[in-house]
Amino acid sequence: MKLSQFKNQLAQIEQLDFVLQNGKKVPSHFHITEVGVTTKQFTDCGNTFRTDKKITFQLWSSIDLYHRLQPQKVLKIINSVEENLESDDLEIEIEYQQETVGKFGVEYFDKRFVLTNTKTDCLAKDNCGIPVEKIKIKIGEWVNKQTDCCTPDAGCC
C-alpha cells in the first residue's frame, strides 16, 4: 500500500486497527514510535545496483493499556512529518516487534489494516539461470541436470 492510499483510508475510518495475516491483533494500545523513509542501496546477485525506498512506521506496545491512537491523530502525524521526509508516494513498510522485529507490508481489508508478510526474492533470476516456471523433471533425470546448475563457473551467485 502506498502512503496516499493509507492516508485515504485513515480519513474514512473511526477506529484504527492492525492485524497480522494469521489473525492475531496488534494490541489496541500500540504507539507509532517512528515514521521515516528507509533507503536501501544494494547490488543483487546479478551485479545490478539498486535503490529501494519505503515509508516506514514502527508500531510498539507498552504497559499503558489505555493509550489509543485515533486515525485523525495518525493523519496529523503523517502530515507534519511529510514536509521533512522529502519523499514521493512510496510503499509503506511496518516494523512490528514479535519474537524479533518483523517487517510487513500493509493492506486494508474488512475495516482493518492487515500486516502482510514480506518475502525474499532473487532479483536477477535470468542471470542465475532460475526458470520463471517450475521445471518438471523425472526423479532419475535430476542427477544429470545438476551439473548445469550453479557450478563455480556458471556466473550465478
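Glu93 is buried and has no salt bridge. Buried here stands for under 20% relative accessible area, exposed for over 50%, and partly exposed for what lies in between, with a 1.4 Å probe and protein chains only. A salt bridge needs a side-chain nitrogen of Lys or Arg within 4 Å of a carboxyl oxygen of Asp or Glu. For Glu93 the nearest side chain of opposite charge is Lys103, 4.2 Å away. On charge, Lys and Arg count as positive, Asp and Glu as negative, and His and the chain ends are not counted.

Before I go on, a note on the source: this is a predicted model, local features need pLDDT of at least 70, side-chain atom pairs count only at pLDDT 80 or more, and totals for chains, interfaces and linings use all residues. Residues are numbered from 1 along each chain as its sequence is written, and side-chain values use heavy atoms, with hydrogens and water left out.

Back to Glu93. Its place is in strand β4, residues 92-97. Helices and strands are DSSP runs numbered from the N terminus, a helix being H or I with at least four residues and a strand E with at least two. Setting aside residues up to four places away in sequence, Glu93 touches Lys54, Ile55, Thr56, Phe57, Lys103 and Phe104. Contact means heavy atoms within 4.5 Å.

Now the chain as a whole. It has 4 helices and 6 strands, and from the N terminus the order is α-β-β-β-α-β-β-β-α-α. There are 157 residues, and 30% of them count as buried. Taking the contacts with a separation of 6 or more, 65% are between residues 24 or more positions apart.

Next, a helix pair. Two packed helices are described by the angle between their axes and the distance between the axes. Helix α1, residues 3-12, packs on helix α2, residues 71-85, at about 145 degrees, and the axes are 9 Å apart. The axes are lines fitted to C-alpha atoms, for helices over the stretch in contact, and the angles run from 0 to 180 degrees between N-to-C directions. On the α1 side, the contact is made by Leu3, Phe6, Lys7, Leu10 and Ala11; on the α2 side, by Pro71, Val74, Leu75, Ile78, Asn79 and Glu82. By class that gives 8 nonpolar, 1 polar and 2 charged residues. Nonpolar covers Ala, Val, Leu, Ile, Met, Phe, Trp, Tyr, Cys and Pro, charged covers Asp, Glu, Lys and Arg, and the others, Gly among them, are polar.

Stay with Pro71 in helix α2 for a moment. Is Pro71 buried or exposed? Pro71 is buried, because its relative accessible area is 0%. Beyond four places in sequence, Pro71 touches Leu10, Ile13, Glu14, Gln15 and Leu16. Pro71 and Asp17 are 54 residues apart along the chain, and their C-alpha atoms are separated by 9.4 Å.

That brings us to the salt bridges, of which the structure holds 5. Asp17 pairs with Lys25, the closest N and O atoms being 3.3 Å apart. Asp17 is at 11% relative accessibility, so it counts as buried, while Lys25 is partly exposed at 39%. In another of them, Arg50 meets Asp44 at 2.6 Å, N to O. Asp44 counts as buried at 9%, and Arg50 is partly exposed at 28%. Asp121 and Lys125 also form one, at 2.6 Å, N to O. Here Asp121 counts as exposed at 55%, and Lys125 is partly exposed at 29%.

Val19 is buried, at 2%. Leaving out neighbours within four places in sequence, Val19 is in contact with Lys24, Lys25, Val26, Arg112, Phe113, Val114 and Leu115. Val19 and Phe109 are 90 residues apart in sequence and 9.9 Å apart in space, C-alpha to C-alpha.

Last, two loop residues. Asn47 sits in the loop between β2 (31-43) and β3 (49-60), and its phi is near 65 degrees, a positive value in a residue other than glycine. Asn47 counts as exposed, at 66% relative accessibility. Lys111 is in the loop between β5 (101-109) and β6 (112-117). Phi of Lys111 is near 65 degrees, again positive in a residue other than glycine, and Lys111 is exposed at 67%.
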